[in-house]
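Biologist: Could you take a close look at the side chains of this model, at how they are covered and which contacts they make? Please give the cut-offs as you go.

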Amino acid sequence: MDVLPSIFFYILGAAFFLLPRFKKNFSPAQAIPLKVFSAIFLTISVYGLHANGALDVFGAVLAVSTIASGSIISLYAYDYFRINNYSPTASTLLDLLILCLITTYASFNILALATFWTISEVLAYALIKEGEEHSYEGSLTSSRGFIFTSTLTFEVTVFTMIITSVLLVAGAMSFQNLLKSFTDLATIKTMVPAYLIPLLIAGFVTKAATVPLHFWLPSAHSAAPSPASALLSGVMTPLGFLGLYRVVNLVDFGEYEPIIAFYLIVSGIFSIIYGGLQAAQQRDGKKMLAYATVSTNGFISLVFALYLLYPGEYVFLALLTSIVMHTAYKTTLFAEMGLVEYTYGSRYIHGLHGVSTIMPVSSIGGLLAVFTMLGIPGTIGFTSKFLSIYAILYQGLDLAKTIILLGIAFYIATTISISINYFKIYLKKGKGVLQPVQNVDLKPQVAILALGALNVLYNLTILISGFSTIALVVSFTMMIPVLVATLFSVTFRGVSPREHAG
């Protein structure tokens, strides 16, 4: 397989992506075409890897979704870091993190995966630390919790994965396995000793932040700057499921595979319930979204368990769309909460109302993300939930499927509760006591609108994955949430903070 052209396009895309950060006097408007060119070249690179058989559909789709979301977040961060008086270092760290996350998803061998994932962990730690030092109320232990829990457990797991691939998969010492593509290694996967299994999955499960290994996430994600929170929650925690996917396709767990699936089911259900209950009680908007991440990752864990027990094309598609769904709605809402905090001087949502009055453009994007949580037809949220239920039912029920179905029902109930709680901030009238103190520019609002639009456009994941019949059905409903969100938002006239207060 010839990957050199793909590497060339990747280098070209990375150069365009980083150029605005390393050249002075670049305005956000000037950066837009560079980010567009970068996204095009990076996507061509990913497509080339997939077309040459080096990268599978799973990695390719998640890499492309990260390119789309990451490029928009990068543009949003220009204004966010400027209006909140962050140092230029924060912007550079953010763009480097986005590139490393893209590269991690697009990594087609173990060496690249381990290298770029490790760099991503360090960059994420630096951004959380940056948020702690900038915040008046952020915890000063969040970054330490991240580095000692999320990062160190990942390092243990990836080291075990490397040892497994070198010593066990080939049956002999062969460091060349680190350079072989995952698609090649999948054809020679073998069984491992039972004592290695916990080490092979512990770091990835911790990264996915499901109960009981979730405790590091809420403080870390709420302490980081909002663009970084959007990446950490919407793009970086799903890396845990990428790691699990790579491991189960590299190693034959044999009789232990149902045990792993059982753990994912139990952990998933507890994560859904615990994360949902905690999110419902939060007044801090970012903390609420962080606990919603725990709940959504519980849902993805259930779908992953389904994939382990009943592998098939519909289950695979349900798993893929559930991860993309998480990226879509979580990046949008974390980014929006950053603007809300700037505009109102607080992110305590129990005191907020009339956000759609002050920020009518970004509210359309935010509403599309809320619709994804609710599972409104036409959003990727509906698609992922529908496919998950269909994958359970289309070949009949048994005990395991029934438990997973009940867990998904719990998830739907919790997301409805969280969505209603968040939706109240858009209402023109409410019990809120906070008044806007700053005007917000149109540019960051447009970025959030673009992120929100991905909650609909990511339905194209189905088409990319080769499921054209389902994609055709879904496409008929894609305009429903867009029309509803637009009609809701345009009923409110944008006013200044002074007029709103009056």
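**Burial and side-chain contacts**

Modeller: Helix α10 (residues 226-236) is mostly covered, with eleven of its eleven residues buried. Helices here are DSSP runs of H or I with at least four residues, and strands are runs of E with at least two, numbered from the N terminus. Buried means under 20% relative accessible area, exposed means over 50%, and partly exposed is in between (1.4 Å probe, protein chains only). The buried residues of α10 include Pro-227, Leu-231, Leu-232, Val-235 and Met-236, and the polar Ser-226, Ser-229 and Ser-233 are also among them.

This is a predicted model, in which local features need pLDDT of at least 70 and side-chain atom pairs count only at pLDDT 80 or more, while totals for chains, interfaces and linings use all residues. Residues are numbered from 1 along each chain as its sequence is written, and side-chain values use heavy atoms, with hydrogens and water left out.

Salt bridges come next. The structure holds seven of them, each being a side-chain nitrogen of Lys or Arg within 4 Å of a carboxyl oxygen of Asp or Glu. One joins the side chains of Asp-95 and Lys-35 at 3.0 Å, N to O. Asp-95 belongs to helix α4 (residues 88-106) and Lys-35 to helix α2, so this bridge ties together parts that are 60 residues apart in sequence. Asp-95 and Lys-35 are both buried. Lys-35 also lies over the face of Phe-17, at 3.7 Å from the ring centre. A charge sits over a ring if NZ of Lys or CZ of Arg is within 6 Å of the ring centre and within 35 degrees of the ring normal. Lys-401 provides another case, with its charged end over the ring of Tyr-310, 4.7 Å from the centre.

Helix α2 (residues 28-51) also contains Phe-37. Phe-37 counts as partly exposed because its relative accessibility is 43%. Together with Ile-32, Val-36, Ile-40 and Ile-44, Phe-37 forms a nonpolar surface patch with about 410 Å² of accessible area. Such patches are made of residues with over 30% relative accessible area and no salt bridge; like charges are joined within 9 Å, and nonpolar side chains (Val, Leu, Ile, Met, Phe, Trp, Tyr) within 5 Å. The areas come from the Shrake-Rupley method with a 1.4 Å probe, and for residues only the protein chains shown count as cover.

Another salt bridge joins the side chains of Asp-56 and Arg-246 at 2.6 Å, N to O. It links distant parts of the chain: Asp-56 is in the loop between α2 and α3 (57-83), and Arg-246 is in helix α11 (residues 239-250), 190 residues apart. Asp-56 and Arg-246 are both buried.

Asp-79 and Lys-443 meet at 3.9 Å, N to O, in a further bridge. With Asp-79 in helix α3 and Lys-443 in helix α19 (residues 442-457), the pair ties together parts that are 364 residues apart in sequence. Salt bridges that share partners join Asp-79, Arg-82, Asp-441 and Lys-443 into one network.

Turning to the rings, a search of the whole structure finds 24 aromatic pairs. Rings of Phe, Tyr and Trp (its six-membered ring) pair if their centres lie within 6.5 Å; planes under 30 degrees apart count as stacked, over 60 as edge-to-face and the rest as tilted. Phe-299 and Tyr-411 are stacked, 4.6 Å centre to centre with 5° between the planes. This pair links distant parts of the chain, with Phe-299 in helix α13 (residues 285-309) and Tyr-411 in helix α18 (residues 399-423), 112 residues apart. Phe-299 is buried at 0% relative accessible area, and Tyr-411 counts as buried at 1%.

Tyr-314 and Tyr-390 pair edge-to-face, with 5.3 Å between centres and 80° between planes. Tyr-314 lies in helix α14 (residues 313-344) and Tyr-390 in helix α17 (residues 380-393), 76 residues apart. Tyr-390 is partly exposed, at 35%. Ring pairs also link Phe-58, Phe-241, Tyr-245, Phe-304, Tyr-307 and Phe-316 into a cluster.

Helix α14 also holds Thr-321, which is buried at 0% relative accessible area. Its side chain reaches the backbone oxygen of Ala-318 at 3.2 Å.

Technical notes. A polar contact is a pair of N or O atoms within 3.5 Å; within protein, one must be able to donate a hydrogen and the other to accept it, and residues adjacent in sequence count only if both atoms are side-chain atoms.
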